[in-house]
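Okay, thanks for making time, everyone.

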Amino acid sequence: MLPQRLVVIGASAGGLGPLQRLAAGLPADFPATVCIVVHIPAYVPSFLPEILGRAGPLPVSTPVQGEALLPGRIYCAPPDHHLLVEEGCFSVTKGPKENRVRPAVDTLFRSAAYSEGPNVIGVVLSGLLDDGTSGLWTIKHFGGTTVVQDPRDAEYDSMPNSAVAQVDIDHTVTAQDLAGLLIRLVAEPVRTEVEVHEDDRARVATEVSIASTAHAFRKGVMKFGKVTPQTCPDCGGVLVQIKEGGLTQYRCHTGHAYSGDTLLVSVTEQIEDKLWITMRALEEASMLLENTG
């Protein structure tokens, strides 16, 4: 494991304010590494490092492929790239989207759990839908510490509510109290390594590898669950249902991954799109009949 603790944080809508308060509250000698994923559209440049760098004393940057994780620094995922932690270094990739986003919170959390086990502290902040729940479950399953922003304190409570409902949460705090909690947690001894079933470890290793280099089918994703009647909204590929404790996840043979809620939203949007296409075709047919009658 890393010689320092690793704090991984996921946020979406409404997450900027809590992140600014966190950066302002962490001291210059904070002894852990902080990694952050915020959902930012691929076509929008990210100014998050500059914003958080102005908010507090810690240096903030966007890491590059192969860069080593250093204590006392904050690292922000770049737009349209997953941020992974592998053997003490960053992997910055364009692997398949998860929950329709890249970067995804789950990919960072899952890689951190697999690489660092009980050394990890995972934090889910304000956001829509449920990205981060599966990753936080994995952190807990591998012996790490789980933290969520109090849903009553979050501008958008979907992400923290989902995590609270599905994961055994160690700490629920307001954005104002998050920095103080992390200062206390990183000063505590690392928890004892936990036993993780070899099947779970193999599955998580495969999912981290998929986020890094894709090729899900060749890496055996089909053996990690049962094939479903549903198809991937992104590519039309076959979806496999994967169980994580009480959670149900879906992943297609090309690598795209969805929670149940995100898959439902995607399918609903597809239905609406098809309805409008049908409406357009009917109107065009009607106009054609009028013009040729």
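This is a predicted model: local features need pLDDT of at least 70, side-chain atom pairs count only at pLDDT 80 or more; totals for chains, interfaces and linings use all residues.

I'll go through the salt bridges, then the cavity, and then a few individual residues.

Some housekeeping before that. Residues are numbered from 1 along each chain as its sequence is written, and side-chain values use heavy atoms, with hydrogens and water left out.

I'm calling it a salt bridge when a side-chain nitrogen of Lys or Arg is within 4 Å of a carboxyl oxygen of Asp or Glu. With that rule, the count is 15.

Let's start at Arg 203. Its side chain meets that of Glu 207 in a salt bridge, 2.7 Å from N to O. Helices here are DSSP runs of H or I with at least four residues, strands are runs of E with at least two, and both are numbered from the N terminus.

Arg 203 also forms a salt bridge with Glu 244, where the closest N and O atoms are 3.0 Å apart. Arg 203 sits in helix H7 and Glu 244 in strand S11 (residues 238–244), so this pair ties together parts that are 41 residues apart in sequence.

Are these residues buried or exposed? Arg 203 and Glu 244 are both buried. By buried I mean under 20% relative accessible area; exposed is over 50%, and partly exposed is in between, using a 1.4 Å probe and protein chains only. Arg 203 is at 3%, and Glu 207, at 5%, counts as buried too.

Now over to helix H8, where Glu 284 and Arg 280 lie four residues apart, about one turn. Their side chains meet in a salt bridge at 3.3 Å, N to O. Glu 284 is partly exposed at 41% relative accessible area, and Arg 280 is partly exposed at 47%. Elsewhere, salt bridges with shared partners join Glu 98, Arg 110, Arg 203, Glu 207, Glu 244 and Arg 251 into one network.

On to the cavity. How many cavities of 30 Å³ or more turn up in the whole structure? One. A cavity here is a set of points, on a 1 Å grid over the protein atoms alone, where a 1.4 Å probe fits but cannot get out, and lining residues have an atom within 4 Å of a point. Grid points are joined across faces, edges and corners, and the volume is the space filled by probe spheres set on the points. The largest cavity comes out at about 40 Å³. Its lining includes Glu 98, Arg 110, Glu 207, Glu 244 and Arg 251. Strand S12 (residues 247–252) gives the largest share of that lining, three residues.

Last, a few single residues. Ser 61 is in strand S3 (residues 60–61) and is buried, at 15% relative accessible area. Tyr 156 is in the loop between strand S8 (145–149) and helix H5 (158–166), and is partly exposed at 35%. Met 287 is in helix H8 (residues 260–292), partly exposed at 46%. From Met 287 to Thr 138 is 149 residues in sequence and 56 Å in space, C-alpha to C-alpha.

That's my tour, thanks.

Methods
On a 1 Å grid over the protein atoms alone, a cavity is a set of points where a 1.4 Å probe fits but cannot get out, and a pocket is an open set with protein on both sides within 12 Å along at least five of seven lines; lining residues have an atom within 4 Å of a point.
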